[in-house]
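User: Hi! Could you walk me through this one?

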Amino acid sequence: MSLPKRIIKETERLVADPAPGITAAPHDDNLRYFDVTIQGPDGSPFQQGIFKLELFLPEEYPMAPPKVRFLTKIYHPNIDKLGRICLDILKDKWSPALQIRTVLLSVQALLSAPNPDDPLAPDVAKHYKEDEQGAQRVSREWTQQYAS
Amino acid sequence: MNSNKLAVLLAQDIPDSTDFPKKAPFLRQLDDSVCCTICSKYYEGPVSLLCGHSFCSMCIRENLSIKPHCPACRQNATEGNLRPNLVLEEIVSAWKLSRPYVLDLAKQEEARAAEPAKKKRRLSPSCVAGPSRTSSTSSKDSSPSDPPEGDVPKPDSIVNCPVCDRRLKYKEINTHMDNNCAPISSVSAAKSGAPTSKTQKTQWSDLMRGQPPKSKGKGKDKAAEDDDYPLPKVSYDTLKEKQLRDKLAEHGLPTTGDRPVLTRRHQRWTMQWNANLDKSAAKRQTKAELRADLKKWEEQRKNKKEKITVDDSHLKTHREDFKKLVAAAQPVKAKPAVPESSPAAARSSSVAPNPPPESDIIVVDSDDEIGDS
């Protein structure tokens with residue numbers, strides 16, 4: 001039994017009882033590789049967008065964090081143009097008590113609360129800091145254009 | 001897309017709190033709370049940290065070797081903080097025994113609720129039978145309050161000794177305990193033949209034998225023999241390779257491989273050994289079992305490495321494709337001054353080779369895994 005029980009259990013629950021606004025399904029040829037969608041949270045510029053992500057559980061999981069990346073283009077100060085996400089729990093604040101579900105909920109929360117003070121996309125962050133309204137408008141446009 | 005393997009995967013019968021009906025959230029909660037949040041399995045040799053959170057000994061030891069804090073609350077923690085949580089261990093074993101029964105009851109209840117017409121039937125007798133079975137296991141666990149709750153047992157009724165768990169008559173229990181849990185027959189023999197100082201002496205020496213083993217002489221060999229003592233941490237950098245091999249040999253472990261391999265082997269062994277000691281004596285693995293576990297772990301690691309080398313051939317066969325991709329990506333790199341103009345290109349080139357090389361490795365990996373299982 002080489003796929004850890006924990007991963008099987010998590011998969012079972014993600015499929016049977018998904019978190020609201022989030023879906024995650026493993027690839028059939030690689031059960032550590034998940035196709036993920038996250039709904040843009042209401043009240044955020046990403047509202048009504050459906051964002052695609054990929055999630056990969058490395059061999060060391062849960063001792064090491066999952067690798068998560070946006071596949072859909074998104075205008076967000078903490079997500080760069082390659083889709084990489086700046087989120088502490090995906091890096092140094094990872095803890096094995098976290099799960100795929102909690103990680104994806106955190107990513108969803110990040111969409112509601114962009115943090116331009118800790119940017120991954122400096123130009124977007126600058127835009128957000130100097131003209132939040134304008135930046136949000138761009139985020140909304142991108143959401144309409146790429147995520148719906 | 002998600003057909004065969006996923007279906008096979010999900011069809012496996014792995015105990016999970018969702019086995020319990022949704023209408024019994026407290027049972028789900030109970031089932032979850034006896035599972036380690038790191039491995040999701042029932043606690044094995046549970047230990048607590050200073051903050052009060054508990055994990056399997058092996059899980060937390062592995063984690064603490066990477067990050068020195070509690071996975072649940074991030075409070076600082078070290079291996080020295082770990083304390084076996086014996087009560088939790090007992091709860092887990094009692095729950096494992098009672099779970100199928102409780103699950104069955106919960107399902108019956110759910111089925112009954114689904115049939116609206118029929119009213120309560122004869123579920124109650126089985127209900128009564130249930131807790132009694134559970135409590136028979138748990139009464140053992142709650143040794144401090146042992147004389148069964150409520151009335152004092154009759155002199156001839158059988159009770160468990162709170163110290164050694166032996167079953168004896170209530171009237172004999174005090175004598176038994178006063179005599180350091182000696183079997184009652186020998187106690188009465190001693191009583192009849194006047195308690196000599198000799199027996200006391202042997203009793204004292206019995207007691208003292210629990211103390212650290214003769215630390216004189218070849219301390220190393222003794223430590224290897226004594227199964228009750230945790231292994232200290234070793235600063236591997238200060239050891240010569242020969243010393244490291246000797247250390248492994250002491251425990252009957254293979255001494256093959258280069259220095260990093262030897263170090264990792266000894267580290268893992270120490271971790272397994274100490275985690276094993278956090279279990280109650282009856283649940284501990286034997287040395288041979290621990291050795292087998294270590295071997296399995298090493299083989300798994302080796303397999304992983306081999307798979308990566310297999311992947312080299314994959315790189316070779318797809319060299320042309322990769323060259324093309326690199327070529328396609330290079331113009332983007334060449335003009336970093338205008339990143340805004342080409343995010344789409346960058347994105348498509350990075351996303352296009354759909355399963356990234358990294359996951360290619362895993363494809364091979366998981367194929368094998370499924371084949372094995």
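**Chain A at a glance**

Analyst: Happy to! In chain A, 52% of the contacts with a separation of 6 or more join residues 24 or more positions apart; two residues are in contact if their C-beta atoms, placed from the backbone, lie within 7 Å. This is a predicted model, in which local features need pLDDT of at least 70, side-chain atom pairs count only at pLDDT 80 or more, and totals for chains, interfaces and linings use all residues. Residues are numbered from 1 along each chain as its sequence is written, while chains are lettered from A and ligands numbered from 1 in the order in which they are written.

User: Thanks! What pattern does chain A follow along the sequence?

Analyst: The pattern is α-β-β-β-β-α-α-α. Helices (H or I, at least four residues) and strands (E, at least two) are DSSP runs, numbered from the N terminus.

User: Which residues of α2(A) are buried?

Analyst: A:Ile100, A:Val103, A:Leu104, A:Val107, A:Gln108, A:Leu110 and A:Leu111. They cover an arc of only 155° around the axis, so they sit on the same side of α2(A); the arc is that of the directions from the helix axis to the C-beta atoms.

User: And what covers them?

Analyst: The cover includes α1, β1, β2, β3 and β4 of chain A.

User: New topic: where does UniProt put the "active site"?

Analyst: The unreviewed UniProt entry places that feature at A:Cys86; such annotations may be inferred rather than shown by experiment. A:Cys86 is in the loop between β4 and α2 of chain A.

User: Which residues does A:Cys86 contact, leaving aside neighbours within four places in sequence?

Analyst: A:Asn78, A:Asp118 and A:Leu120.

User: Why is A:Cys86 called partly exposed?

Analyst: Because A:Cys86 has 18 other C-beta atoms within 10 Å; buried takes 20 or more, exposed 12 or fewer, and partly exposed is in between, with C-beta atoms placed from the backbone.
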